[in-house]
Amino acid sequence: MDIFTLLLWVVTGIAFIISIVKDKKKTINSMKMARGMMKNMIGQIIGILFLIGLILTFIPPDIIKEYLGKSNTLLSTIVAAVVGSITLIPAFVAFPLVGSFVDIGISIVPAVAFLTTLTMVGVVTFSLEKQEFGIKFALVRNSLSFVFAIFISFVMGVII
Amino acid sequence: MNATKYIKRNKLLLIVGAVYLSLIVFKTDKAILSFKNSSYYIIEMLQIMPVIFILTSLIEAWVPREVIMNSFGESSGKKGAILSFLLGSVSAGPIYAAFPVCKMLLKKGARISNIVIILSAWAVVKVPMLANEAKFLGPKFMAVRWVLTTISIFIMAYLVSKIVKKENMPIEDEKENNNGIQSISIKKQYCIGCGLCTKLSPENFSMENGKANFINKKTSLEAIKAIKPIIDKCPAKAISIKC
């Protein structure tokens, strides 16, 4: 276990102990909630993790690198942002998926665009947003988020 | 009946499982290689997954979201923006889970710019999620993306509030109806399936297909009053009293 994860466990452990000392019932209820959330997502999580193995086996990194090395970063970033906008998977399972892509050598610019639009832009939830806040708000917020996702990804490409 | 529900919920897992099975039969070496390739990510995930869910639930239980929400009325300007950012950051669930909460705040008079901040922060900025991101993509990646996203959120909030006015939004007042027949409605699309309501009040709620369901059809005014605390506890604000 790396130091970062260990630290998170220590912090959470301390928080848990404080919580249980202060209010046992509340803590137990919140643990039930944690279990419920985990149960809801575990199928998807395991599915994605094993999918990563398949992708890494059948799409050799060399081919991906060669292909993406030749293609235009702007174009691949826009495609990644569009895919992120229409996909509705929890960010939780997106991180290992995107991590595996970056590990095999894909540029981080489209990776960041995908991660950012995945959470901020919602094409599938657009009708819901329109219904609650009106079409103008939904349209403006989603388009701005899309543009800013591309902006963030290119700035990150320069920094990292 | 239950089998079809199970298939629907675990579509991805079943498809991936089927691919693995056929690989074991036809190309065993590829199946073993795929499994080996996955194992690193599985081990990493197992280390961090429980702690993320526990931390998310603890934040949900202890952070006084109600207090933050109630102080919205008076607060404006910088304070309002910071409160919005905090509110979004400490909440659990995907962006659409923020819709009912934001709608409620909008009715209470929150600014449009603050609503944008809550929605965006809710979507992107979450402490347990940042830990997950740092784990799989590196702390530097996470930190830089966090800073850039935070800056973008505040610029976006300003821009949206310049373009969209409250007249463009459907804000209707819900009628207070104390004598009318009341019932409980659950917006399924907002339910995160945490199961809190079923655990607190199993006689009124059940889980169906991973979503909460209201089972007690004959509700008296007293019964609905008793459900009120559960409505407040629902982390997704998916339960409401319907007149």
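**The contact between the chains**

Student: How many residues does the contact take from chain B and from chain A?
Tutor: This is a predicted model. Each chain contributes to the contact, with 67 residues coming from chain A and 69 residues from chain B.

Student: Which helix gives the largest share of the side of chain B that touches chain A?
Tutor: Helices of chain B that each supply at least two residues to this side include α2 (11-26), α3 (28-62), α6 (98-107) and α9 (139-163). The largest share of that side amounts to 21 residues, and they come from α3(B).

Student: How do the residues on this side of chain B divide into nonpolar, polar and charged?
Tutor: The division concerns the side of chain B that touches chain A. Its residues comprise nine charged, 16 polar and 44 nonpolar.

Student: Why is chain A described as more spread out than a compact globule?
Tutor: Chain A consists of eight helices and zero strands, and its C-alpha atoms fill a box of roughly 60 × 45 × 30 Å along the principal axes. For 160 residues the globule rule gives 15 Å. Chain A is well over that value, and so more spread out than a compact globule, because its radius of gyration is 19 Å.

Student: Among contacts in chain A between residues at least 6 apart in sequence, what percentage join residues at least 24 apart?
Tutor: Buried residues account for 40% of the 160 residues of chain A. Of the contacts in chain A between residues at least 6 apart in sequence, the share that join residues at least 24 apart is 83%.

Student: Which residue takes a positive phi in the hairpin of β2(B) and β3(B)?
Tutor: Strands β2 (residues 205-208) and β3 (residues 211-214) of chain B run antiparallel and are joined by four bridges. Within this pairing, M207(B) has A212(B) as its bridge partner in β3(B). The hairpin has two residues between the strands, and the residue with a positive phi near 60° is N209(B).

Definitions and conventions:
Residues numbered from 1 in each chain as written. Chains lettered and ligands numbered in written order. Predicted model: local features only at pLDDT ≥ 70, side-chain atom pairs only at ≥ 80, totals over all residues. Contact = placed C-beta atoms within 7 Å. Nonpolar A, V, L, I, M, F, W, Y, C, P; charged D, E, K, R; others polar. Rg over C-alpha atoms; globule rule 2.2 N^0.38 Å. Buried ≥ 20, exposed ≤ 12 C-beta atoms within 10 Å, placed from the backbone. Pairing = 2+ DSSP bridges.
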